[in-house]
Amino acid sequence: MLEVKNLNVFYGNVQVLWDVSLDVKEGEIVVLVGANGAGKTTLLNTITGIIQPASGSVTFLGKDITGLPPNEIVEMGISYLPEGGRLFPDMSIQENLEMGSFLKKSWKVRKERQEQVFEFFPRLQERRKQLAKTLSGGERQMLAMGRCLMSGPKLCFFDELSYGLAPKLVKESFQMLQMLRDNGLTIFLIEQNVNQSLEIADRAYVLENGRIVLQGTSEELKNNDHVRKAYLGI
Amino acid sequence: MQVLQVEGLTKNFGGLRAVDGVDLTVESGEILGLIGPNGAGKTTLFNLISGTIKPSAGKVTFLGENIFGLKPYTICRKGLVRTFQSCKIFPELTVFQNVILGAFFGTSEKKSWEQAALQTREILEFVGLAHLSDVPAANLTLLDQKQVEVARALATQPKLLMLDEMMAGLNPAEVEAAMTLVQKIRDQGITIIMIEHVMKAIMNICGRIVVLDHGKKVAEGSPKEISTNKKVIEIYLGE
C-alpha cells in the first residue's frame, strides 16, 4: 500500500534521515519505534508532504507521491494525527470534525462521515456542541482520531497517540486502534509505549539516528535483545 | 518534618471547581506521587501551590510559612520550584544559559557570575548534560529539554521540587534513566512531588501516592495500597 524508498532528509546542512526504506501493507498495523530525536516525526512529516526529501521516493497505492503538497496527499487517502492532537481549541467538536473534511470531495459527504465517526465514538455525538478545549484528555484523543477519519482515509498515521494519557485511557486508545483496523483502516504508529504497541501491531521498524536498524514482526522484535534492552528496559 | 501542608485548597474556574478542598502533607525527603485521570486537576494543584494561578480558598504552608497567594517567583525563592508538563525552556539560549538563569533569578542569594557559573557546571554534570552545555536548547531532544528544565529548577537550590509529567513521551529505557535521576535528586536532600502517568516510575520510586479525581482527593497510600484500590483501578488504572 505504501512504499518508502531510500529517503534522505536534511535540516539545513544536517542530515536527519539516511536511506530510510519501509513498506506498509493493506490492513496492517505497523509501529515505528525509536528514541527521542531519532527522526520518527520527521519521517512522518516527509511521507505526508510537510517536509521535502533531498532524495528517495514515497509511493502510495502505486502512485509516486514524493514531494506532493500535503492537501493532495490527504486527498489520495492518507490522514495524519500529529503529536499532541493539534485540535482547534476554540471550535466545537462538530467544527473540529468539519475541519477534517476541508477538501472538496470530503466536504460533500461530511454529514455521512460524521455519522460514522459518531458511531465509533458516541461520546462525541453527546457533546458535539462543546468546545474542544473543555474536553478531557480521552475525549480529545477521540476527537483527534475522529477528525482524522473525516477525510475518508485508507491509511492513517498516528504520532504518539498515548502521550500524557492516564493508563486506563492508554488501554482504551489501543482498543480504538484495533477497532479502526477491524473496520478496514491501515495504521502506521509512532509510539513510546513500546510494550503495548507491539501487542497490537503486526510489524515494527526501529529507527536510530535517522536510520532503520531493525525490522520484523512484533513477535520477533519483542524477543530481540537490542529492543528489549534499549526500548523495553528489560 | 513536614515540608508542605495544604489544607482545603480550592480553585473555581467560572462554574467549574477544578480543585475541590484538597488536603495534602509532604514529609521531608519523600517522593510523593500525584496521579489521577486526565482533567482531574493535578496540574491545577501544582499551579496553585507554586503560585502560577491564585487559589480561590484554602491554606498552603511551606516550611512553616504561609505562602497562599504569593507570586511564583517569591515562592521559588523560598525553595519551592516546579517544572512544566510542556517544557518552558528558552529555545534560543544554550543549555548553560538556561540553567544559569535559575541560579541567578530563582534564589534570593546574591552571587557573582563565577559562583553561578560554577554551580551551573556542577548541576549540568549531575544531571548528565555537561556535554551539551553550549548547544542551543531548541536543538535538543525532548528528553534532554526536560532535563534542562530539571537542571534549571535545581539551580534555584530548592527544598521541594515538583515535577509535572517529566516522563511523558519517554520510552521505557529512557524512563529508567529518568527514574534514577529523580532518586539521585532526592538523595541530595530535596523533597519531590511528581505528577506522572508512567506507572512503572510511580510504583517503583514513590513512597506514597495521592490520587485525584474531579478535583478531589479520592485515595492516598503506599504504591501497593494504591495499585489494589478498587476505586483507583476503576477510574484510573483500568481493568
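**View 1. Helix H7(A) passes helix H8(A) in a right-handed crossing.** A crossing is right-handed if the near helix is turned clockwise from the far one by less than a right angle, and left-handed if anticlockwise. This is a predicted model: local features need pLDDT of at least 70, side-chain atom pairs count only at pLDDT 80 or more, and totals for chains, interfaces and linings use all residues. Residues are numbered from 1 along each chain as its sequence is written, with chains lettered from A and ligands numbered from 1 in the order in which they are written. H7 spans residues 137–149 of chain A and H8 residues 167–182. Helices are DSSP runs (H or I, at least four residues), as are strands (E, at least two). The two axes come within 10 Å and cross at roughly 20°. H7(A) and H8(A) are therefore roughly parallel (angles under 35 degrees).

**View 2. Residues in the contact of H7(A) with H8(A).** H7(A) supplies Gly137(A), Gly138(A), Gln141(A) and Met145(A). From H8(A) come Leu169(A), Glu172(A), Ser173(A) and Met176(A). Contact means C-beta atoms, placed from the backbone, within 7 Å. By class, three residues are nonpolar, four polar and one charged.

**View 3. An open sheet of six strands in chain A.** The order is S6-S7-S8-S3-S9-S10, with mixed pairing. Strands pair if DSSP finds at least two bridges between them. S6 (78–81) and S10 (211–217) are the edges; each has a single partner strand, so one side of each lacks a neighbour in the sheet. The twist averages 15° from one strand to the next.

**View 4. Strand S6(A) beside strand S7(A).** The two run parallel, joined by four bridges. S7 covers residues 155–159 of chain A. Leu81(A) stands opposite Phe158(A) in S7(A).

Conventions:
Axes fitted to C-alpha atoms, helices over the stretch in contact; angles between N-to-C directions. Parallel < 35°, antiparallel > 145°, perpendicular 65-115°, else oblique. Contact = placed C-beta atoms within 7 Å. Nonpolar A, V, L, I, M, F, W, Y, C, P; charged D, E, K, R; others polar.
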